[in-house]
Structure formats: structure tokens, C-alpha cells
Amino acid sequence: MVLPDYLPLVPLPASVTVGVGQLPLSPEVRVSGDSPAVAQLIDAVERRSGIRLLRSAESAGEIALRIDAAVAGPAGYTLSIAEGVEIVGADEAGLFYGVQTMLQLLGEDAQGWALLRAEIADEPRFGRRGVMLDVARHFFGVAEVKRLIDSVSALKFNHLHLHLTDDQGWRIEIDSWPRLTELASTTAALGDAGGFYTKDDYREIVAHAAARHMIVIPEVDLPGHTHAVGVAYPELVEDPVMNEALIADARRLGQDLPVAGEPYLGWGVGHSSVRIHEERTYEFVRDVVRELAEMTPGPYIHIGGDESLGTPQADFDLFVERATAIVFDEGKTPVAWHEVGAAAGIAEGTVGQYWGKRRPEGSHAAEATHFVERGGALIMSAADAAYLDMKYTTDFGLGLTWAGTIDVRAAYEWEPTSVLDVPDTAILGIEAPLWSETTRTWNDVEQLVFPRAAALAEVAWSPRSGSGREWESFRVRLGALAPVWNAQSIDFHPAPEIPWTER
């Protein structure tokens, strides 16, 4: 592969040959093809450059888009920029990703707007490339979620995990349990305003994501992280179980401890649990999963399962075994945080999400491995590499440090298949979670997500090794994306280790 560092491609394509010079763009350039990607390309070029390309009804334009399953594997594409542009997707997703790559090669100089000439053949390393947004601790509206979808799908992420419920609030409308949104959605962490998605709101998010080839994964966190459920339906939730860490953190942060039946505004975890031996609890779980499944076309429902610190292990095992079976009964594949792997009888085929560190601690590795033993697979979200809510440096104004600090290089230089002793084929891909304790505005979110999301996108998409797949190349290529992000008004953190360019 010949790839000069100045070519602003993130994530790195599988193969690139750089051409000579540039191909000018003007309003007379025609775009042909019968894919939705045609309109997306025309709109994106106009937003970036002010140039409105023509849509051609003819079979060929100066920019031609088409599909040919033979060019690459699923979601792959070829891109040729010479005297014209041809983007050939193996499928609609591949065509969409080819357009995103072309847009990264669009720039302006003294002669005007043009595309860098190149020949590219590309396809993803991992089929699952995700981000997670916690809308429970702090709520973000439909427009903001759609903005995140736009910005991360441009980096070829294809899954959006929405953490919809937690101790601080319930964020999704459930018809059969209306008090969840009437009583448990109005507040957020630190006393900030809450909110929730109506079913129409949620469907709007799902449709927006689908148009950008992203699957939405809804999460209802169970059996812990359920204090908000008890605000609405006290009969479903145990009284808070205090632990020394919770009390110490509340004292250090100046936050109140949880009180049964009252909104919880702090950050502490591990104190809540649904009532595991009450059959009414499983009626609740079944109703929630059923209604989520009805409005979620994607294959997954996430049931949480993390940090149930006050729940006896036997009770926890009983609950997650029943909950994973309920999800399968509703026609979806359950996803759960890796602690759920402690239960011997979790439903076969359940997908685990590993959030431990790159060097597993305690029982984390065994818990994660059990998903594979039960015929499932794993999503890698190593907290000390992929957690977007960790601070960049110890003195950064946003984020936490319990998993350490994660600068851009740390987010880039890790290998998902080297963390656990499982076959590489058991790793579906990665996910970059953004927990929202400290993100009170959308600018806060973007500061933590960008630029580290670009590093994680390359980990998920690009070949594990090869020319250009190293830090020194990446940091220069990433720096050249600054004009793209500035044009989109993304409030990214200008990390000092990156040589950001002006244009």
C-alpha cells in the first residue's frame, strides 16, 4: 500500500494507491445511480462546500455510484477518483461507506474545491463497530442523538447502543407501565432536567440510524441500576443496599445517598435491585422487552447486568437466566455486560459485552469467556482503552478516572483480540461507551467523543497491521480531519498530540 500521511483517511482503508493531482468539483458535475447514497452524497458535498451537484438520470455521470456484490465482502467498496469518480459498493452499506471516504478526500485550495485522486479497495475488519450513549444519567434529545449518528457513521461505525435506563432516570415510553415516564423520567444526575423518548421519538432515531446503516441497540439495565424503576413502581424494587464505596463516594462528591422512592441524583452504583423472587418483576421485564422489540428492527436487546453489588449471587444468576430467556422468547438476541457470564444457565447465544481492562482483573475474564462457551460471542469495550467518559489527562475538565486516563494514543494502540483467551472469531467487534455523569451539555459529549472515536473507528475497521496502520501515520491523518469536523461544527477536543491542520 502506498499511503502518504497527508491523505486524510480515517479509518485507514484496506488498500490505497494515491493518484496524481486533484479532480476539480463544480456545480456542473453530475452524480448518477439509483441508491439513497446519491442524495446523501449531493447533500453532504453541498453542506461542506456550498456546491450543489447535479443528479443525473442517465446511466453514467462524472460521479457514478453502483452496487456489485463481487467487489468486496459485506459493507466493502471500491473507490476510484481519476478523471471521474466511481464508487462501487458490495451492498448499500458499502456504497454509503465509499461515499464517506470520498468526502474525506474533498478539500479546498486556492483553485477551489477538488477531490484528491486515489484508487481504494476497502472492507471492514470487524462486522460490529459501535458507540454507546448514556441518556439515563443525563438526557439528550432526538436532535442530539441524530447528530451523533451522523458524525460517527461518517467514521464507519454501524451500531448505536442507547443506555436508556439507570438509577437516575427512565428514558423510554412503555405503554403498559406508564408511570415509568410519568414519574421516573423528570430528573437527571446532579438535579439536571430529565426527559424521555416517546415511541415516535425512538422510531425516528431508529429510522435515522438505519438510513446511515446503523443498528440501534436499546438497553434496559437490570437487575441493578433500577432505582428509577422504584420511583415509579416501588413494589418492583428492593430498598437501597448501601456499601462502603457508595458512602465514601457520596461524601467525597458532596452527593446525597439514595432514598427509596425518591429520585436519585448522585453517581454511586450498586445499591439497587429489582425484587427477584416476585413474579410481578418478570411480568414487568416481559412487557418492557416486548414493547422494545416491537419498535426495534435490529436483532438485539441489551439487558444490562452490571454492578448489581447488593444482589446475592444466586438471586442474580436466577434473574439473568430468566431475563435472557425472555429476550429470546421475543425474537431478539440478548446482550449483557460481562458480569452476566457468571450465571451458568444464561440463554445460549447471549452476546457478552466486556468492559474490564486490557489486563483482566478478578473474575472478569472467566465471566466473559462463559458467553462463548454458551454459544455466544463478545463485544470488546475495554474500559482503559474504549471508555469515552475517561479523562484525556488527569487535569481535563470532563470525565472520570476510575479506569485511568485515555489519551488519543491509548485509544488507538490496543488490540481487541488480545485481551481474552478466546478464538478471534468469538470477537464480534468493539464498542466505545460514553457514560454521562459529567456530560451536562452536548458540547461536553463531543469533547469526550472526538477525537478518540476516530481512533476506535480505525481499531474496529482497519486491518490489524500494515503500511499506515501505526500511530505516527494515524495522528497526521487524524489531524487532517479538522476541517471536516469544523465544517460540521463538531466541538472536538484539540488534543495536543495531534498536528491539527487548518484546511
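These are my notebook entries on a predicted model of one chain.

**Ground rules.** I number residues from 1 along each chain as its sequence is written. Since the model is predicted, I kept local features to pLDDT of at least 70 and side-chain atom pairs to pLDDT 80 or more, with totals for chains, interfaces and linings using all residues, and side-chain values using heavy atoms, with hydrogens and water left out.

**Overall layout.** I looked up the secondary structure and got 16 helices and 18 strands; these are DSSP runs numbered from the N terminus, helices being H or I of at least four residues and strands E of at least two. The radius of gyration is 23 Å, close to the 23 Å from the globule rule for 503 residues, so the chain is as compact as a globular protein of that length. That radius is taken over C-alpha atoms, and the rule is 2.2 Å times the number of residues to the power 0.38. Along the principal axes, the C-alpha atoms fill a box of roughly 70 × 45 × 45 Å.

I get 60% of the 503 residues as buried (under 20% relative accessible area; exposed is over 50%, partly exposed in between; 1.4 Å probe, protein chains only). For contacts (heavy atoms within 4.5 Å), I took pairs at least 6 apart in sequence, and 73% of them join residues at least 24 apart.

**E14 and E15.** Strand E15 (residues 333-337) has four of its five residues buried, so the rest of the structure largely encloses it. Strand E14 (residues 300-304) pairs with E15 in the parallel sense over three bridges; pairing needs at least two DSSP bridges. Across from Val335 in E15 I find His302.

**Helix H13.** Seven of the eight residues of H13 (residues 442-449) are buried. Among them are Trp442, Asp444 and Glu446. I looked for what covers the buried ones: the cover includes strands E9 (128-134) and E18 (427-434) and helices H3 (142-153) and H14 (452-461). In the loop between H13 and H14 sits Pro451, joined to Phe450 by a cis peptide bond with omega about 20°.

**Another cis bond.** Val10 to Pro11 is cis too, with omega near 0°. Pro11 belongs to the segment before strand E1 (15-24).

**Positive phi.** Ala75 is no glycine, yet its phi is near 70°. I place Ala75 in the loop between strands E4 (63-67) and E5 (77-81), and it counts as buried at 12% relative accessibility. His225 also has a positive phi, about 55°. His225 lies between strand E13 (215-222) and helix H6 (227-232), in the loop, buried at 3% relative accessible area.
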